[in-house]
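Visitor: I would like to learn how to read a structure like this one. Could you take me through it feature by feature?

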Amino acid sequence: MKRQYWPTVGVSVVAAAALGWALIRDCPEGKVRSGLQCVSEQIDPSGSGIASDPNGITDPGAGDSVGEPAEATPDRFSRGERILLTDEGNPDSEAGAAAMASGEYQNAISSFSRAVDSSGNEPEPQIYLNNAIARRQGNPYTIAVVVPVDGRSDVAREMLRGVADAQARFEEDSSRDRLIEIVIANDGNDPQMAASIARKLAEDPSVLGVIGHNSSSATEPALPIYERAGLAVISPTSTSTSLSSDTFFRTVPSDAGTGEKLAAYATNQLNADNVVAFYASGSSYSESLLQAFTDNFSGEVTAEVDLTAEDFDFDNEIDRISGGVDAILLFPNTKMVPRAIGIAKANRKLLEGRFALLGGDALYQSNTLRGGVAVEGMVLAVPWFADTAYADDAEARWGGQISWRTASSYDAGQAFANALSGDASRESVLSAMGEIRLSGAETSGNPLRFEGGDRAEEPLLVQATRDGNKPQGSQFGFELISE
């Protein structure tokens with residue numbers, strides 16, 4: 001019998017999806033919308049009045065670790081025998097986990113099916129449902145996905161949705177005698193924990209490949225471990241140019257491509273000769289993006305301003321910019337997004353001579369748009385835009401508009417799915433990566449192949465406009481533009 005590609009998510013969720021992301025539900029007092037969830041509103045200590053959106057669009061960069069690192073204990077891993085995302089408690093998920101731990105796969109299928117029906121936008125039970133089906137059939141292929149459950153559970157969910165979609169699509173082919181089992185690992189975006197988890201995965205011979213890690217700072221220490229084990233790793237979100245390994249691939253453009261794209265726009269469209277850059281020191285993402293822009297810009301970066309400085313003052317920083325500057329570069333990591341938006345607001349106060357704003361993909365999020373007229377016209381270089389068939393299908397499945405993290409995680413899953421056949425091994429999977437050639441119909445919308453580990457694809461340019469796709473409570477949305 002042919003399996004259904006999209007598991008049932010419940011009539012109410014699908015009906016809500018037909019109305020669009022902004023109309024699914026309002027958030028209670030003290031909460032703000034973050035993608036498909038309502039999360040606690042965060043207060044920005046810088047005083048900008050803008051909360052840092054945990055659903056930010058890019059690599060958190062250095063300094064996002066959670067607590068003191070510890071050895072990767074079993075409770076950081078699950079193939080379905082435990083629930084890692086516990087903030088949305090579901091008794092059916094817990095029952096399914098208990099059944100999986102006992103090897104009662106049919107009971108696990110029944111329980112996880114109910115959990116899927118009652119919480120359609122939660123990816124974890126949907127992955128475990130597919131795992132239980134794979135276990136019941138026997139001898140599954142195992143792929144790991146490493147996500148930051150600790151402190152960044154919304155990011156973990158975004159990544160897991162894409163992985164769940166790829167896993168479900170693999171199951172669609174009823175002729176397969178082996179299905180995919182996903183082991184989820186939680187590194188909390190902590191570099192030391194990431195390395196510990198990488199060691200555990202490398203030591204597990206059943207693991208044929210790894211999707212992750214989320215941040216570049218977490219991915220970097222894990223790469224030598226995966227390389228020694230001959231284990232292919234595909235990151236959907238780590239963009240730093242410092243990442244390099246014979247076993248490393250990514251399904252997003254690197255910072256090199258993003259910096260080059262923005263430099264070309266500054267030169268060709270803005271006719272800019274001089275720019276000022278605001279960046280986050282210590283962030284692998286932020287620093288590599290700034291370096292990539294500088295290397296490709298024909299003009300001059302006249303000043304580099306550290307957003308993380310303790311005495312940072314928005315109005316003073318704008319006042320210090322001398323005449324002759326044509327644009328401001330905003331290259332924060334996720335933590336510094338509120339300060340970047342504060343710079344945009346201070347720029348807006350200028351009665352004349354306001355500077356054009358260019359930004360990295362850390363700003364590709366709803367909180368940026370809530371900056372209002374201050375961000376109008378801001379141009380960002382981003383990895384993906386939600387105007388594809390996959391975006392429409394995923395929106396219907398998950399009950400709301402998906403982010404680029406979901407799309408790029410789906411592409412990572414699709415790459416591994418196309419490397420699995422017969423008696424697949426780590427060696428055969430790694431070898432297959434160089435031969436991956438997927439069409440837009442097989443991915444989130446754009447063809448996929450790797451060149452030196454990087455995705456052979458240019459970033460896209462979007463602009464904050466009144467005509468763009470608006471999130472709830474915003475007058476502005478992002479609109480795809482051409483150079």
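Visitor: Which residues in α5 meet which residues in α14?

Guide: First, a word on what you are looking at: this is a predicted model, where local features need pLDDT of at least 70, side-chain atom pairs count only at pLDDT 80 or more, and totals for chains, interfaces and linings use all residues. Residues are numbered from 1 along each chain as its sequence is written, and side-chain values use heavy atoms, with hydrogens and water left out. Helices (H or I, at least four residues) and strands (E, at least two) are DSSP runs numbered from the N terminus, and contact means heavy atoms within 4.5 Å. On the α5 side you find Val 155, Glu 158, Met 159, Arg 161, Gly 162, Val 163, Asp 165, Ala 166, Arg 169 and Phe 170; on the α14 side, Arg 405, Thr 406, Ser 409, Tyr 410, Gly 413, Gln 414 and Ala 417. By class, this contact has 7 nonpolar, 5 polar and 5 charged residues. Here Ala, Val, Leu, Ile, Met, Phe, Trp, Tyr, Cys and Pro count as nonpolar, Asp, Glu, Lys and Arg as charged, and the others, Gly among them, as polar.

Visitor: At what angle do the axes of α5 and α14 cross?

Guide: Axes are lines fitted to C-alpha atoms, for helices over the stretch in contact, and angles run from 0 to 180 degrees between N-to-C directions. The axes of α5 (residues 153–171) and α14 (residues 404–417) cross at roughly 35 degrees and come within 7 Å.

Visitor: Which residues of α8 are buried?

Guide: Buried means under 20% relative accessible area, exposed over 50%, and partly exposed in between (1.4 Å probe, protein chains only). An α-helix has 3.6 residues a turn, so residues three or four places apart point the same way. In α8 the buried residues are Asp 255, Thr 258, Gly 259, Lys 261, Leu 262, Ala 263, Tyr 265 and Ala 266. What covers them includes the helix α9 (284–296) and the strands β11 (327–331), β12 (356–359), β13 (379–382), β16 (460–465) and β17 (477–481).

Visitor: And how many residues are in the chain, and what share of them count as buried?

Guide: The chain has 483 residues, of which 59% count as buried. Its secondary structure comes to 15 helices and 17 strands.

Visitor: How many residues does the largest nonpolar core have?

Guide: In soluble globular proteins, nonpolar side chains tend to be buried together. A nonpolar core is a set of buried Ala, Val, Leu, Ile, Met, Phe, Trp, Tyr and Cys residues joined through side-chain atoms within 4.5 Å. The largest one here has 118 residues, and those with the most contacts inside it are Ile 184, Phe 278, Phe 293, Ile 328, Leu 330, Val 429 and Met 433. Helix α5 gives the most to this core, with 8 residues. Apart from it lies another core, of 22 residues, among them Phe 77, Ala 144, Met 193 and Ala 195.

Visitor: With which residues is Val 429 in contact, leaving aside its neighbours within four places in sequence?

Guide: With that exclusion, Val 429 is in contact with Leu 208, Ala 232, Phe 416, Ala 419, Leu 420 and Ala 424. Ser 428 lies in helix α15 (residues 426–433) and is partly exposed, at a relative accessible area of 32%.

Visitor: Which peptide bond is cis?

Guide: Most residues other than glycine have a negative phi, and most peptide bonds are trans. The bond from Gly 212 to His 213 is cis, with omega near -5 degrees. His 213 lies in the loop between β6 (207–211) and α7 (216–229). Leaving aside neighbours within four places in sequence, the contacts of Ser 235 include Gly 212 and His 213. Ser 235 lies in strand β7 (residues 232–235) and is buried, at 0% relative accessibility.

Visitor: Is Asn 189 buried or exposed?

Guide: Asn 189 is buried, with a relative accessible area of 0%. Its phi is near 60 degrees, a positive value in a residue other than glycine, and Asn 189 lies in the loop between β5 (180–186) and α6 (191–203). Asn 271 also has a positive phi, near 50 degrees, but counts as exposed at 56% relative accessibility. You will find Asn 271 in the loop between α8 and β9 (274–279).
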